[in-house]
Amino acid sequence: MRSDELRSPLRDFLRTETGSALALVAASVAALVWANVAPHNYESFWETSLSIEAHPLGIELSLREWVNSGLMALFFFVVGLEARREFDLGELRQRSRMTLPLLAGLTGMAIPILIYLAFAVPDGAGDGWGTAMSTDTAFALGTLALLGKRLPEALRTFLLTVAIVDDVVALAVIAFAYSDSLSWPALLVALAIFVAVLVMRRVGVGSGVVYVVLAVALWVALLESGIDPVVTGLAFALVTYAYPVSRTDLERTSGLFRLFREQPTPELERSLRHKLASVISPNERLEQTFHPWTSYVVVPLFALANAGIHITWSTFTDALTAPITLGIVVAFVVGKPLSIAAAAALTTWASRGRMRPQVGWGAVIAGGSASGAAFTVSLLIAALAFDGEHLIQAKYGILATIPLSFALTWLVTTVIRALPETGRTRALLGTGDRLVDLAAPVDPERDHIRGPHDARVTVVKYGDFECPYCAQAEPIMRQLQDEVGGDIRFVWRHLPLGDVHPHARLAAEASEAAARQNAFWPMHDLLLSHQEELSPPDLVRYAEELGLDAEKFQGDLSNHSGASRVAEDMDTADRSGVAGSPTFFINGRLHRGAYDIDTLLESVRAAYDRTTVTKSKG
């Protein structure tokens with residue numbers, strides 16, 4: 001694949017979320033303009049009833065309710081998919097790493113709720129405590145994106161995990177604290193439907209139509225039960241598993257494609273299409289489909305339906321001193337940063353450093369301040385908890401958190417940038433142990449290493465000598481050497497893709513035959529620069545050009561002396577979750593982005609800075 005086609009799922013998620021923040025701002029402004037230019041039209045439009053009837057059943061809701069309880073179920077479906085993927089494949093796959101963001105997320109809700117109650121209870125508005133709970137993911141990540149390279153990539157993962165905890169708990173609160181009186185028969189029907197979904201997932205039913213029908217049935221049952229049906233999206237997402245692409249599955253797909261190329265029949269076309277779909281996990285396919293729609297259509301539509309406030313001088317001045325408004329603003333802008341940082345610090349102290357943030361404390365504080373942006377869930381709960389003047393005051397407070405949290409985050413990052421270089425690096429990156437993706441650590445006695453053995457940065461490349469993208473990546477490796485200097489080493493490990501590159505396996509064995517004569521890297525360079533000429537006579541000719549003992553080389557090649565070494569590398573690739581080539585690991589971490597010089601250089605420099613901080617700590 002081309003380097004610009006290789007994208008991290010997390011990077012894609014963040015890219016869409018940050019773009020969504022701009023769409024949210026535009027929709028919020030449009031709602032405010034609409035509500036002030038034509039206030040009666042705004043309210044009457046969103047209160048218009050829309051009914052759907054299928055005799056003998058029928059549902060009648062206002063347009064605002066259809067958006068809030070219907071379309072927003074898709075938004076929480078996407079949030080749940082990301083939570084599930086982080087749990088299966090991301091940072092949270094090591095379960096011990098869940099503790100700190102889980103505690104930070106829970107504390108980051110509990111303390112703001114207490115702050116809100118301190119303001120609102122004396123005014124009789126304590127019922128709206130749920131509005132002070134949940135960070136808006138799009139605005140929080142949008143803040144980090146606008147601040148660019150001031151903050152490390154790992155902070156986005158940490159903040160996203162905290163925000164997901166927020167959303168999951170907030171949905172539970174909506175379901176049980178802000179729903180109408182329960183209808184137990186309807187609730188039992190909803191439970192039976194969800195059990196049916198679990199059974200179907202267990203037995204491997206893969207029909208999307210079936211799950212759509214069940215999702216609609218569950219949504220209707222929850223609506224009839226009195227629980228806000230918006231939780232339907234999250235429930236379905238959390239049972240939609242994520243798994244890495246398997247090299248074995250890819251090889252089988254290649255075989256089917258070759259059969260289809262020879263016999264393009266409808267039966268083979270269906271088999272190939274089904275196999276292609278099953279190679280990528282349903283989690284990733286569904287998120288790829290729905291995430292842009294929820295980010296650029298559903299959530300902005302929600303903002304348009306809920307963010308409109310008819311601003312008058314009296315309502316504005318009243319809001320400036322209203323307990324509801326002040327409680328929401330202080331809870332988010334002050335309470336969120338302090339509670340997240342305090343939870344992280346206490347967890348680190350209580351665990352004696354075994355559990356610590358994957359970023360520095362400056363980055364934790366910046367992430368906490370960015371999480372002080374309220375919007376989606378807060379508006380959703382405000383619409384359930386308040387009406388009239390109290391609802392207007394809550395909306396003022398919620399909207400005010402967005403510019404205030406951005407300003408606070410900018411201030412924190414400005415202070416961090418003013419620190420000396422060593423202090424700034426420590427404040428951003430911290431000293432916590434990173435999760436290692438590379439199953440087999442680099443062994444100087446075994447691995448092919450180019451560069452100083454004691455270099456601070458190690459780039460491991462799983463490659464295929466017949467793969468054109470491996471050859472295209474090679475000049476970038478040399479550029480990295482020039483940019484970083486001598487404190488980087490490169491490791492080549494074999495991953496010949498025999499199903500698409502018929503000469504790759506023998507070429508890998510040829511490089512091992514050359515290694516037996518201390519000429520691995522010269523042969524490596526020749527093979528990548530002559531990818532169209534990898535037949536056995538070509539390989540022998542290259543050995544002669546390098547001045548090797550051609551007879552010994554040819555004997556090793558004929559006896560497949562290097563086959564076991566190639567097989568060992570392929571086994572470590574499988575255990576490391578590598579499915580294609582080229583695949584890079586930087587200091588043991590899988591590089592999930594593009595492999596252009598700028599992206600790789602950014603990752604290499606981050607790894608170098610982290611090792612600098614770790615060594616200074618030691």
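Biologist: At what angle do helix 15 and helix 17 pack, and how far apart are their axes?

Modeller: Helix 15 (residues 361–370) and helix 17 (residues 388–417) pack at about 165°, and their axes are 8 Å apart. That makes helix 15 roughly antiparallel to helix 17, a label for angles over 145 degrees. Helices here are DSSP runs (H or I, at least four residues), numbered from the N terminus. Axes are lines fitted to C-alpha atoms over the stretch in contact, with angles from 0 to 180 degrees between N-to-C directions. This is a predicted model, where local features need pLDDT of at least 70 and side-chain atom pairs count only at pLDDT 80 or more, while totals for chains, interfaces and linings use all residues. Residues are numbered from 1 along each chain as its sequence is written, and side-chain values use heavy atoms, leaving out hydrogens and water.

Biologist: Which residues of helix 15 and helix 17 meet?

Modeller: From helix 15, Gly362, Ala363, Ile365, Ala366, Ser369 and Ala370 meet Ser405, Leu408, Thr409, Val412, Thr413 and Ile416 of helix 17. Contact means heavy atoms within 4.5 Å.

Biologist: And how do helix 14 and helix 15 cross, left-handed or right-handed?

Modeller: Right-handed, meaning the near helix is turned clockwise from the far one by less than a right angle. The axes of helix 14 (residues 323–350) and helix 15 come within 7 Å and cross at roughly 145°.

Biologist: Where do glutamate 568 and arginine 446 lie?

Modeller: Glutamate 568 is in helix 24 (residues 563–575) and arginine 446 is in the loop between helix 18 (421–429) and strand 3 (448–450), so the pair ties together parts 122 residues apart in sequence. Strands are DSSP runs too (E, at least two residues).

Biologist: Last one: which residues make the nonpolar surface patch of about 470 Å²?

Modeller: Leu188, Leu191, Val195, Val199 and Val203 make that patch, and leucine 191 lies in helix 7 (residues 184–203). Patch residues have over 30% relative accessible area and no salt bridge, with nonpolar side chains (Val, Leu, Ile, Met, Phe, Trp, Tyr) joined within 5 Å. Accessible areas come from the Shrake-Rupley method with a 1.4 Å probe, and for residues only the protein chains shown count as cover.

Methods. Patches are made of residues with over 30% relative accessible area and no salt bridge: like charges are joined within 9 Å, nonpolar side chains (Val, Leu, Ile, Met, Phe, Trp, Tyr) within 5 Å. A salt bridge is a side-chain nitrogen of Lys or Arg within 4 Å of a carboxyl oxygen of Asp or Glu. Angles under 35 degrees count as roughly parallel, over 145 as roughly antiparallel, 65 to 115 as roughly perpendicular and the rest as oblique.
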